[in-house]
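Let's look at how aromatic rings meet in this protein model. As you go, keep one idea in mind: a pair of aromatic rings is described by the distance of the centres and the angle of the planes.

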Amino acid sequence: MYLDKELCLFQLEVKNQAELFKIMSEQLVNNGCVKDSFLEGIINREKEFPTALEINQIGFAIPHTDSIHVNNSQICFASLKEPLVFYDMTNKEREIPVRLVFMLAMSQPHEQIDTLQNLVNLFQNQERVQELLSCTTKEQFIEIVHSAGVY
């Protein structure tokens with residue numbers, strides 16, 4: 001349901017968060033999932049409420065923003081060739097080197113909670129996480145996340 005557009009970017013090389021957010025937001029805009037205001041919403045929310053977490057020494061980020069910027073619920077995924085620094089969602093002072101990014105565009109606020117819970121379950125599955133880190137095709141990505149219960 002949230003992965004039907006198969007918006008996946010693999011081994012992306014970016015200089016900073018702004019470049020990453022721009023690339024991922026453009027994917028969502030080009031597929032009609034979000035409004036033009038989405039990128040600004042993501043940037044502003046990330047400054048105020050960081051979205052990184054570290055599980056089993058792997059850094060993840062789940063940038064998202066308010067549903068008013070979203071047309072259709074969707075997840076855009078990016079694996080990063082080199083880690084990018086994000087700030088910990090529970091401690092704004094702590095830097096986390098992130099390699100896996102799941103940008104959420106949820107049109108209904110309640111969808112965000114369920115999706116976050118499913119993603120955290122995925123992040124705790126070390127075998128699936130290793131598969132995500134080396135994944136290079138949309139088909140492979142979809143298989144990995146579906147087998148982990150993320151749709």
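Predicted model: local features only at pLDDT ≥ 70, side-chain atom pairs only at ≥ 80, totals over all residues.

Residues are numbered from 1 along each chain as its sequence is written, and side-chain values use heavy atoms, with hydrogens and water left out.

**Aromatic pairs**
- Searching the whole structure turns up seven aromatic pairs (rings of Phe, Tyr and Trp, the last by its six-membered ring, with centres within 6.5 Å; planes under 30 degrees apart are stacked, over 60 edge-to-face, the rest tilted).
- F10 and F77 make a tilted pair, with 6.2 Å centre to centre and 55 degrees between the planes.
- Because F10 is in strand β1 (residues 7–12) and F77 in strand β4 (residues 74–87), this pair ties together parts 67 residues apart in sequence (strands are DSSP runs of E, at least two residues; helices are runs of H or I, at least four; both are numbered from the N terminus).
- F77 has 0% relative accessibility, so it counts as buried (under 20% relative accessible area is buried, over 50% exposed, in between partly exposed; 1.4 Å probe, protein chains only).
- The ring centres of F21 and F86 are 6.0 Å apart and the planes lie at 65 degrees, so this pair is edge-to-face.
- F21 belongs to helix α1 (residues 17–30) and F86 to strand β4, so the pair ties together parts 65 residues apart in sequence.
- F21 is buried at 2% relative accessibility, and F86 is buried at 0%.

**Cluster and charge**
- One aromatic cluster is formed by F10, F60, F77, F102, F123 and F141.
- K92 has its charged end over the ring of F49, 5.8 Å from the ring centre (NZ of Lys or CZ of Arg must be within 6 Å of the centre and within 35 degrees of the ring normal).
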